[in-house]
Amino acid sequence: MEKDTFGIKDKNQNDLVNNLAEFYNHCPNCLKQTNTSMNMIEIPFFKKIVITCSVCESCGLKSNSVKYGGGISEKGVRYILKINSSADLNREIIISESATLEIPEIEFYMNSGSLGGKFTTPSLVCKLLIAPMTF
C-alpha cells in the first residue's frame, strides 16, 4: 500500500524520475497556500537531482532549489569553470548544497553550503554574491 505524504504517494525512486509532482505548501513570505512543483531528473554522467519550484500567486515570491536525489558519493568531484567570454556567464550550471565556490583572481572563497543548491548561471551567482554587499 502506498503512503500519501504531502499529496505525494511514496513510490520507488526510479518511478519519480522525469515525472512532475505537484503539492501545496505555505509561502514563506506571506504564509498563504501556494503550489510547488517538483521533478527528479537523472543527468547522464552526473547524478539524480530534485528540482523544486514555487510561485506564490498572492505575493509573487518565486523560489527554486536543487537537491541531490541519490546517495552521497564516496569521493568528491572538482569542477573548474573558466570564464573566457561573456557567453560563459550565461551557461547553465548546477551548484550542490555542499559546493564551495572560489574565484582565485579576486581572492574570493565561499564555504560549503553557503549558496544552497541552485540551478543557475555564473552571472546570477555573481549577482547573489554582490547583493548582500550593497548598501
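This is a predicted model: local features need pLDDT of at least 70, side-chain atom pairs count only at pLDDT 80 or more; totals for chains, interfaces and linings use all residues.
On a 1 Å grid over the protein atoms alone, a cavity is a set of points where a 1.4 Å probe fits but cannot get out, a pocket is an open set with protein on both sides within 12 Å along at least five of seven lines, and lining residues have an atom within 4 Å of a point. Residues are numbered from 1 along each chain as its sequence is written, and side-chain values use heavy atoms, with hydrogens and water left out.

The protein contains two helices and 10 strands, where helices (H or I, at least four residues) and strands (E, at least two) are DSSP runs numbered from the N terminus. Their order along the sequence is β-β-α-β-β-β-β-β-β-β-β-α. Of the 135 residues, 21% are buried; buried means under 20% relative accessible area, exposed over 50%, and partly exposed in between (1.4 Å probe, protein chains only). Contacts (heavy atoms within 4.5 Å) between residues at least 6 apart in sequence join residues at least 24 apart in 33% of cases.

Strands pair if DSSP finds at least two bridges between them. Strand 3 (residues 21–26) pairs with strand 4 (residues 33–42) in the antiparallel sense over six bridges, and His 26 has Gln 33 of strand 4 as its bridge partner. Strand 4 is also antiparallel to strand 5 (residues 48–55), to which eight bridges join it; here Asn 39 is bridged to Ile 51 of strand 5.

Strands 3 and 4 form a hairpin with six residues between them. Asn 29 touches Cys 59 and Leu 61, residues up to four places away in sequence not being counted. The C-alpha atoms of Asn 29 and Cys 56 are 8.9 Å apart, with 27 residues of separation in sequence. Leu 31 lies in the loop between strand 3 and strand 4 as well, has a relative accessible area of 61% and is therefore exposed. Most residues other than glycine have a negative phi. Phi of Leu 31, however, is positive, near 65°. Glu 107, in the loop between strand 8 and strand 9 (108–110), likewise has a positive phi, of about 55°, and is exposed at 78% relative accessibility.

One cavity of 30 Å³ or more is present. The largest cavity holds about 40 Å³ of space, a volume being the space filled by probe spheres set on the points, which are joined across faces, edges and corners. Its lining consists of Ile 95, Ala 99, Thr 100, Leu 101, Met 110, Asn 111, Ser 114 and Leu 115. Five of these residues are nonpolar, three polar and none charged; Ala, Val, Leu, Ile, Met, Phe, Trp, Tyr, Cys and Pro count as nonpolar, Asp, Glu, Lys and Arg as charged, and the others, Gly among them, as polar.

The largest pocket has a volume of about 1700 Å³. Of its 40 lining residues, Tyr 79, Ile 80, Leu 81, Thr 100 and Leu 101 lie nearest the centre. The lining divides into 24 nonpolar, seven polar and nine charged residues. Helix 2 provides the largest share, four residues.
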